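This briefing sets out what can be read from one protein model, grouped by topic. Please keep the sequence and the structure in view while going through the points.

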Amino acid sequence: MALEFLTKPPVSLPLDRLYFTKFGGSDQYGLPCDEETRDIWLELGVPRDHIKKEGMKCNFWEMGSTGPCGYSSEIHYDMKGEPSSALARVNADRNDLIEIWNIVFISHKRVSADTIVPLSKNYIDTGLGFERLVTILQNKTSTYDTDLFLPLLETIEKVSGAKPYGRTFTTSNRTDLDTSYRMLSDYSRMITVALADNMFPVAKSSRN
């Protein structure tokens, strides 16, 4: 489903710019490499050299110190379109190759810091990074440069009378102001969605 959605109309991302990860196993917890996920991606037409093996940090999802957990497989998009370096840029904290989809196979349970056991039933949890996909489709380098955020940033400037949003992320005299712009725009979207879902703020009780 994920691959079909991303590569078919209306999204139509080129398959040769998509890169995939699989869980590489863990000797510590006795977990094997997830070859099944690799084989499924290959059957769906993903080139073998577009699949990267990752460890617990990137491809084993956990909800907390205990509880359900399991292997995951990510889909990344190469913004630069440079296949010679793409696989090395996967999960390398780059803004030119970004994760846009995560598929989690919830098949285990963490009992303690040292013990992970199989579940009696398996589940799937999956999610698309909507803002990241919009960034790709609008050919931007930041989600804040898309039409999801620009109207909010322009409104913040108008209402506050502050200097215009400067699109800076690196250390500079403008960084604090631009960070404030991004925080306000994020909070505005969050509050709007919460109110639309009939979620309203409740004052904390002053009683001990």
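This is a predicted model: local features need pLDDT of at least 70, side-chain atom pairs count only at pLDDT 80 or more; totals for chains, interfaces and linings use all residues.

A residue counts as buried when its relative accessible area is under 20%, as exposed when that area is over 50%, and as partly exposed in between. By that definition Cys69 is buried, because its relative accessible area is 0%.

**Overall build**

- The protein holds seven helices and six strands, and when these are read along the sequence they follow the pattern α-β-α-β-α-β-β-α-β-β-α-α-α.
- Of the 208 residues in the protein, 33% are buried.
- When contacts between residues at least 6 apart in sequence are considered, 57% of them join residues that are at least 24 apart.

**Domains**

- The protein is divided into domain 1, which covers 1-136, and domain 2, which covers 142-197.
- The C-alpha centres of domain 1 and domain 2 are 30 Å apart, and the contact between them takes five residues from domain 1 and seven residues from domain 2.

**Aromatic pairs**

- How many aromatic pairs does a search of the whole structure find? The search returns seven.
- One of them joins Phe5 and Trp101, whose rings are 5.9 Å apart from centre to centre with 65° between the planes, an edge-to-face arrangement.
- Phe5 belongs to helix H1 (residues 2-7) and Trp101 to strand S5 (residues 97-112), so this pair ties together parts that are 96 residues apart in sequence.
- The two partners can also be described by their accessibility: Phe5 counts as partly exposed because its relative accessibility is 38%, whereas Trp101, at 7%, counts as buried.
- Phe20 and Trp41 form a tilted pair, because their ring centres are 4.6 Å apart and their planes are at 50°.
- Since Phe20 lies in strand S1 (residues 18-23) and Trp41 in helix H2 (residues 35-43), the pair ties together parts that are 21 residues apart in sequence, and both Phe20 and Trp41 are buried.
- Ring pairs also link Phe23, Phe60 and Tyr71 into a cluster.

**Charge over rings**

- The charged end of Arg182 sits over the ring of Tyr144, at 5.9 Å from the ring centre.
- The charged end of Arg182 also sits over the ring of Phe169, where its distance from the ring centre is 3.8 Å.

**Cysteines**

- The count of disulfides comes to zero, and Cys58 is accordingly in no disulfide, with the nearest cysteine sulfur, that of Cys33, 14 Å away.
- Cys58 is partly exposed, because its relative accessible area is 24%.

**Thr135**

- Thr135 has its place in helix H5 (residues 130-137), and with a relative accessible area of 3% it is buried.
- The side chain of Thr135 reaches the backbone oxygen of Glu131 at 2.8 Å.
- Once the neighbours within four places in sequence are left aside, Thr135 is in contact with Met79, Lys140, Thr141, Ser142, Thr143 and Thr146.

**Trp61**

- Trp61 lies in strand S3 (residues 60-62) and counts as partly exposed, because its relative accessibility is 28%.
- Trp61 and Arg132 are 71 residues apart along the chain, and their C-alpha atoms are separated by 20 Å.

Methods: Residues are numbered from 1 along each chain as its sequence is written. Side-chain values use heavy atoms; hydrogens and water are left out. Rings of Phe, Tyr and Trp (its six-membered ring) pair if their centres lie within 6.5 Å; planes under 30 degrees apart count as stacked, over 60 as edge-to-face and the rest as tilted. Helices (H or I, at least four residues) and strands (E, at least two) are DSSP runs, numbered from the N terminus. Buried means under 20% relative accessible area, exposed over 50%, partly exposed in between (1.4 Å probe, protein chains only). A charge sits over a ring if NZ of Lys or CZ of Arg is within 6 Å of the ring centre and within 35 degrees of the ring normal. A polar contact is a pair of N or O atoms within 3.5 Å; within protein, one must be able to donate a hydrogen and the other to accept it, and residues adjacent in sequence count only if both atoms are side-chain atoms. Contact means heavy atoms within 4.5 Å. A disulfide is a pair of cysteine sulfur atoms within 2.5 Å. Domain bounds come from an automatic or database domain assignment.
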